[in-house]
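The tour then goes from one selection to the next.

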Amino acid sequence: MTNRWTLELESTSYTVALEPQRRWLELVAWGPRGVEHGPSPLANRGSVHFITDADAAPVEYAPRGLRPFSAADLGVAGESWWRFAADESTDTQLRLAFVDELTGLRAVQCYRAEPGTDVLCRWVELTNTGTAAISIDRLGSAGVCVPTGERGARLTYLTGQWSQEFTRRSTVLEAGSFRMESRFGVPGHQYVPWLTVQDAAETDGPAYGVSLAWSGSWELDAEIEPSGLTRVRAGRLANPGPVVLEPGASLTTPELALASSVDGLGGLAGVWHAYSRKLAGPRLRNRRPVLYNSWEATGFEVLGSRQLDLARQAADLGVELFVVDDGWFVGRDDDTGGLGDWTPEQSSFEGGFGAFVESVRALGLDFGLWVEPEAISPKSKLYAEHPDWVYRIDGRPATLIRNQLLLDLGKTEVFEYVRGFLDELLTAYPISYLKWDMNRPPTERGRPGEPTADLDAEHVANYHRLLDHLRDTYPGLIVESCAGGGGRTDLATVSRSDVVWPSDNTAALDRLRIQDGFLLMHAPHLMSSWVTDAPGVFDPRPRSLRFRFVLAMAGVLGIGADLSRWSAEQRKEAAELIARYKSLRITIHTGRCRVLSGPTEPTAATQYTLGEQTVVLAWSTGELVGTPLVPGRSSRIRLHGLDAAATYRDEDGQEYSGAHLTHVGLPVEWTAERDADVFVLTRV
Ligand code: GLA
C-alpha cells in the first residue's frame, strides 16, 4: 500500500505522505511540478521538546487531541485521536480516510485538482459511525503548510468595512498568529476569506494562497509553527455553535481552494483569475451587458416616468440593460418598510409595472431588478403573517439593522416562500438580470425549539439552492451578487453568480483601490463597476468623466449617474467610451489580466491580453509632471508577458517592439483633461 500521493496540477504539484505510524498526513512539497523530488522543505529535522511530534510536523489536517499545542483543524468535545484507515484515490482526486475507533468519528480528507488550473480544492467529510452525538466547536476545511524561512511570513490580505472593501494590506509575521473571521452570516466587509503567504525574506517571491468557498460565517488563522513553517487553517465558523453530529449523520465542510505561483502576487492573481473563469464555464462567453442602474439617481423614489426618462437617455448612450434597484415594491418609500412584500407598487407606474417593463424593452434595453430575498421589514405584510420566520430568541427583543430583520432561510417554509416569489416575478415579467442583495447580518440568531440547529449552514445551503435554482430554471438570467456592497464575494457565491458588486463606493480614487484589491482575488468578468456622478456620495477628490469611465471599463461596465444632469458634451464622450468598451470587452473579460501598477503609483495601469490584442487601461492618480510647460519626459507603463522579438502596433500606427514595451514601457502623457486612457496594441 502506498504511503505517498502526488496531485499534478497545470504547472504545479502537491505531494502528501502518511507519517510512519499512519496517524496523520504531512505535506511533502507544493510548488512547480517536480518540487517533490528531493528532501521535503517542510519536514522537522530537529528533536521535539515539551510538545508532541504532531505539533512540530507539517500536518495536513488534525483533531485537537492529536495536535494539542500547535493549532488543530477539528475541535471535538472530549477530544479525538485517529489513525489512517483507507485510501480511495484517482488521478485527480484523493480521498484518505482516518477513523477514531473510540468515538466512531470518520474523517475523509479530500483533495481535487481542478483540471487546467493550478488550484487544488480541499475539504473534509465527517461521519459519526458511533453511538453518541459528537459536538464540534472548530470545523476546519483544511490546514495549509507553507515553507517560510527564518524571517517569517509576509501575509497579504483584503480588509476594510462597508464602502472600503478589498483594501489590500500586508503584514510580516515573525512569530505568533494572525486571525480573520466573520460572524456576519456572510463573508462580510471587514475581511475576505482569502489570504496569501510569502516568505518575508523576499520582496515578492513565490506566493501561496487560499480562498474559502463559503458564503456564511468563517474563520482563518495563520501561525508560525514550532519548526518555523507557516500554517494556515480555514473553515466555516459555527454560528451559533457548536455543530452537533448525531450518530449516523455526516457533514461536509466547505471547500478551501489552494493556489500557488512562483511569480509572486501578480502570478497568483493569474491563477485565481483562471479559476474564476473555470467556475464560470460556458457562461464566461455570455455577453455581460452594459447596464444602467437608477439607485444613485433616484434612491427610493422609483416612479415609472422618471425611470423611463433615464432609460431613454441610457439607451441613447448605447447602454444595453436597465436595472431598477431598491424602491419598486409596495411599502418601500424608505428603508423602514416593504421588504418581504415583493409585489410591484403598481401606482408608481402609469399603466402598471408590466407596461413599464415593456416600455423599457421597447427602447432596445433588457430589464433587470433588485431584490433582497433574505430580508424582512417589521412593517411588512409578510412579517404580520409570519413573525416566526425571522431569527429570534424567545424573551429577547429583536435588534434592527437598517430598520430590517433577517429571515431564517434555513426553514423550509421560508426557502419555499422565497423561491415562490422569485419564480412569480421571473415568470410574470421579462427580467433578464437580478441583483441579489443582503443588507444586514444576523443578531439574536436562534430558532425557538431547535437549540442545536446549525443555522449558518442551513441558511447558506438554501441560499446556494436558490441561486442554483435560478441558474437551472432561467439559464439566460444574469445574477449580480451584492451584500451591502462587497459583503458576499466568496468562491461559492461567485460560482453561482455572473457578476459581483465589490462596493457601494464608486468614487474614482477610492474605487481604483477597491478594484486593485478585488483583482487580486477575482477575474475582471466578475467585477461590476459603475460610472457615477462626481463629486458623489463618497470620495470627493475630483477626477474626469473619462477617468471614471476607464475605471468602470476595467471590469463589467455600468452607469449609475443621474444622466439628466449630463451635458451634451459629456453624453457624446460617454457614448464613445461605451462603444469602445463594447469593442474590447471580450479581451477585458476573457484575456489574461495583469495589474501593472496599483493605486499608490503616479500611474496605475491594468493590462489585458487575448491572442494578438493587448488592452491597457491607465489612470493618473497623482500630480501632473508639468510637461510640456517645463522639461520632462513621458510617464511609462511597462507591460508584461509580451514577446520581446514581436512588433506591436497601437491605434495611431506607432510600432513598438515587445522588448521596448516590456523594458522601456508604453509612453503616456497626462494632462488635467486627460487623466485616464485606453490603449489598444495589436501584435503584427
Ligand atoms: C445596498 C446595495 C446598494 C443598493 C442599496 C439599495 O446598499 O449595496 O447598491 O442596492 O442596497 O437599498
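Predicted model: local features only at pLDDT ≥ 70, side-chain atom pairs only at ≥ 80, totals over all residues.

Residues are numbered from 1 along each chain as its sequence is written, and side-chain values use heavy atoms, with hydrogens and water left out.

Begin by selecting domain 1 (4–281), domain 2 (289–590) and domain 3 (610–683), bounds that come from an automatic or database domain assignment. Then keep domain 2 and domain 3, whose C-alpha centres lie 36 Å apart.

Next, show the residues in contact (heavy atoms within 4.5 Å): 15 residues of domain 2 meet 17 residues of domain 3. Between these two domains about 1,500 Å² is buried, 62% of it from carbon and sulfur atoms; buried area here is the accessible area (1.4 Å probe) that two parts lose on being put together, summed over both.

Now select Arg580 and Glu651, which form a salt bridge with their closest N and O atoms 2.6 Å apart. The term requires a side-chain nitrogen of Lys or Arg within 4 Å of a carboxyl oxygen of Asp or Glu, and domain 2 and domain 3 share two salt bridges.

Finally, select α10 (508–521), α11 (545–552) and α12 (568–590), each of which supplies at least two residues of the side of domain 2 that touches domain 3; these helices are DSSP runs (H or I, at least four residues), numbered from the N terminus. The most comes from α12, with five residues.
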